[in-house]
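Let's take a look at a protein together. Have the sequence and the 3D view open, and follow along section by section.

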Amino acid sequence: LAAWQLGSSAPRPQEALVLETRFTKLVGCTVPIQNAGMGTGVSTPELAAAVSGAGGLGMIGFGTFRGSADELLPHLERARSLTSRPLGANFIVRGGADAPPVNTACLAAAASLVRVVELFLWTTPDPRSFDVIHGGGALALCQVGSAAAARRAVDAGADVIVAQGYEAGGHVIGTVGVLPLLGEVLEAVDVPVLAAGGIGTPRALAAVLAAGADGARVGTRFVAAAESRAHPIYRQGLIDASASDTVHTGAFAVGWDAPHRVLRSALEAAEAFEGDVVGARPGPDGTAVPIRRFGVVVPAAGYTGAIEAMPLWAGQSAAGVKRVQAAAEIVSELAEGAERLLRRWA
Ligand SMILES: Cc1cc2nc3c(=O)[nH]c(=O)nc-3n(C[C@H](O)[C@H](O)[C@H](O)COP(=O)(O)O)c2cc1C
């Protein structure tokens, strides 16, 4: 099974069929696992390509990207050059008067290069964005936090829904646990549904698949992947954390005001920090760009200062992070473990 997931051209083994879902068939991947797009700071083209190479859907994260399509293309082309398997690009679509509009040229550029373009919607879905994605030849995914939002996204053109539960790391739109949310969303829409939030072990993956999900989106586990650019202190924080060591808060609100889940130690360190600037990140011209206390920027390799007081986004899935691992190893550990558990009931 592992050799087949890594790209063997041999016929699909019978034992893999448990993990075939509407999502894997639609997207063309072989295991129902998607890594979360986690901004260019953490989720690199190498991470996306490694997840896709292992049979999942590898996502390149652009967050609230404000640049041009020309700036976006090198990331996509780099990932494309590393794998021929399906890939995706993730964009956060913010609401509010000060939010930048989604750059249509970026959506079109992404759609022409990858199988899936995904919108994390914090506002009313705009059918024109879905037309651009479909026009470029890609599928449209939407991460939402309620059944009503899932219905609106599908009405606007979404092909797959990601239901994000309250357990999730990063910015959290969901207000209830992933299992109750999943049930409501599956009742509300007919398209494939992925579950997101707190899924960091084979048991959790098996649970959402058994509950009817077409797959899982996994974020926190991949922050500690060898291919991620997360700062070593951030990764170590995840390795040390248990499920109860995260907190849902609105504290890291400089840059974008939305609820999020973070390591409790980061919140405590930011609260105890004296001063307005916690550290710096490398700027494009070699300068150091200051990072404000309670800013939303996730610390990547090369950041300096009080890393422990920066937003160390983490889901309750942090308990599943035991060490830094290759992304392909994380995919196969989750997929093979979930499959073993599901076979007990099959
Ligand atoms: C470090 C980090 C950054 C994230 N950035 C994004 C993002 O840019 N776009 C997005 O759609 N979701 C983002 N998320 C949320 C994920 O899509 C997903 O809902 C979450 O990771 C699932 O919970 P888990 O972390 O417990 O697996 C991020 C999550 C983390 C941990």
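## Who surrounds the ligand?

Start with the shell of residues around the ligand: by class, ten are nonpolar, 14 are polar and one is charged. Keep in mind as you look that this is a predicted model.

Of the 25 residues in that shell, the ones that come nearest are Asn-90, Arg-217, Gly-219, Thr-220 and Ser-317.

Now zoom in on some atoms. Asn-90 has a polar side-chain atom sitting 2.8 Å from a nitrogen atom of the ligand. Gln-164 also uses its side chain: one of its polar atoms there is 2.9 Å from a ligand oxygen atom. With Gly-169, look at the backbone instead, where a polar atom is 3.3 Å from an oxygen atom of the ligand.

How much of the ligand's accessible area does the protein cover? On its own the ligand has 600 Å² of accessible area, and the protein covers 97% of that. The elements that supply two or more residues to the shell are strand β3 (87-93), strand β9 (215-218) and helix α11 (220-223).

## A closer look at Gly-219

Gly-219 is one of the residues that come nearest to the ligand. Where does Gly-219 sit in the chain? You'll find Gly-219 in the loop between β9 and α11.

Leaving aside residues up to four places away in sequence, Gly-219 touches Ala-36 and Met-38. Check Gly-315 too: Gly-219 and Gly-315 are 96 residues apart along the chain, yet their C-alpha atoms are separated by 7.8 Å.

## Helices α4 and α5

Next, find a pair of packed helices. A pair like this is described by the angle between the two axes and the distance between them. Helix α4 (residues 45-53) packs against helix α5 (residues 69-82) at about 35°, and their axes are 8 Å apart. The crossing of α4 and α5 is right-handed.

Which residues make the contact? From α4 they are Pro-45, Glu-46 and Ala-49, and from α5 they are His-75, Arg-78, Ala-79 and Leu-82. Sorted by class, that gives four nonpolar residues, one polar and two charged.

## Helices α8 and α9

Helix α8 (residues 147-156) and helix α9 (residues 178-188) pack at an angle of about 35°, with 8 Å between their axes. α8 and α9 make a right-handed crossing.

On the α8 side, the contact involves Ala-147, Ala-150 and Arg-151, while α9 brings Leu-181, Glu-184, Val-185 and Ala-188. The contact of α8 with α9 counts five nonpolar residues, no polar ones and two charged ones.

Note on methods:
Residues numbered from 1 in each chain as written. Predicted model: local features only at pLDDT ≥ 70, side-chain atom pairs only at ≥ 80, totals over all residues. Heavy atoms only, no water. Axes fitted to C-alpha atoms, helices over the stretch in contact; angles between N-to-C directions. Helix = DSSP H or I, 4+ residues; strand = E, 2+ residues; numbered from the N terminus. Left-handed = near helix turned anticlockwise from the far one by under 90°. Contact = heavy atoms within 4.5 Å. Nonpolar A, V, L, I, M, F, W, Y, C, P; charged D, E, K, R; others polar. Near = heavy atom within 4 Å. Polar contact = N/O pair within 3.5 Å; in protein donor to acceptor, adjacent residues only side chain to side chain. Areas by Shrake-Rupley, 256 points an atom, 1.4 Å probe, with all protein chains shown as cover.
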